[in-house]
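User: I am new to this kind of picture and would like to learn how to read it, one feature after another. Could we begin with pockets?

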Amino acid sequence: MNSVQGLLAASVISIQNSCFIYPACQNCLSRLILDSRRFHCLKCGCTGEAKDASYRYRLSLKIADTNDLFDITVFGSCLDPFFGVTAGNLQRYIQDFNQLSGEANTESSTRALVHAVETCFIGKRFIFGV
């Protein structure tokens with residue numbers, strides 16, 4: 001699954017999603033279903049306490065090389081250097097920020113994160129392993 005078939009030098013045109021972190025199953029890396037106290041993986045059946053859920057990056061991008069447009073998704077720890085922390089730590093920082101700011105609506109922190117990611121990626125050229 002992690003073998004690179006080729007390299008593609010391309011520029012990021014847009015960010016396709018605003019949710020860059022997801023609760024991930026430690027067994028199969030699928031998205032977990034979370035409620036206030038428990039998590040459940042629909043793919044492999046793994047369950048546990050919500051506080052023990054691990055998080056993973058998922059960044060969907062529209063990119064362009066000199067000839068074509070592509071939709072790609074970048075997963076996992078390869079994004080740690082761009083965000084400066086692991087997905088789990090970023091999730092904790094966001095939760096802590098929302099609690100400290102007293103905001104019930106997390107829209108402002110989501111907007112700030114989306115803006116930061118757009119600034120970091122849009123218009124920049126990267127080499128993608130595909």
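Analyst: The second largest pocket is lined by 16 residues, and those nearest its centre are Cys19, Gln91, Ile94, Thr106 and Thr110. On a 1 Å grid over the protein atoms alone, a pocket is an open set of points where a 1.4 Å probe fits, with protein on both sides within 12 Å along at least five of seven lines, and lining residues have an atom within 4 Å of a point. This is a predicted model, in which local features need pLDDT of at least 70 and side-chain atom pairs count only at pLDDT 80 or more, while totals for chains, interfaces and linings use all residues. Residues are numbered from 1 along each chain as its sequence is written, and side-chain values use heavy atoms, with hydrogens and water left out.

User: Which elements give two or more residues to the lining of the second largest pocket?

Analyst: Helices (H or I, at least four residues) and strands (E, at least two) are DSSP runs, numbered from the N terminus. Here strand 2 (21–24), helix 2 (87–101) and helix 3 (107–121) each give two or more residues to that lining, and helix 2 supplies the largest share, four residues.

User: How should I read the pairing of strands, and with which strands does strand 1 run antiparallel?

Analyst: Two strands pair if DSSP finds at least two bridges between them. Strand 1 (residues 7–15) runs antiparallel to strand 8 (residues 125–129), with five bridges joining them, and Leu8 has Phe128 in strand 8 as its bridge partner. Strand 1 is also joined to strand 6 by four bridges, again antiparallel, and there Ile15 stands opposite Leu61.

User: What is the strand order in the open sheet of three strands, and which strands stand at its edges?

Analyst: The order is 3-4-5, with antiparallel pairing. Strand 3 (32–34) and strand 5 (47–49) stand at the edges, each with a single partner strand, so one side of each is left without a neighbour in the sheet. Strand 4 (residues 38–41) pairs with strand 5 over three bridges, and Phe39 stands opposite Gly48 in strand 5.
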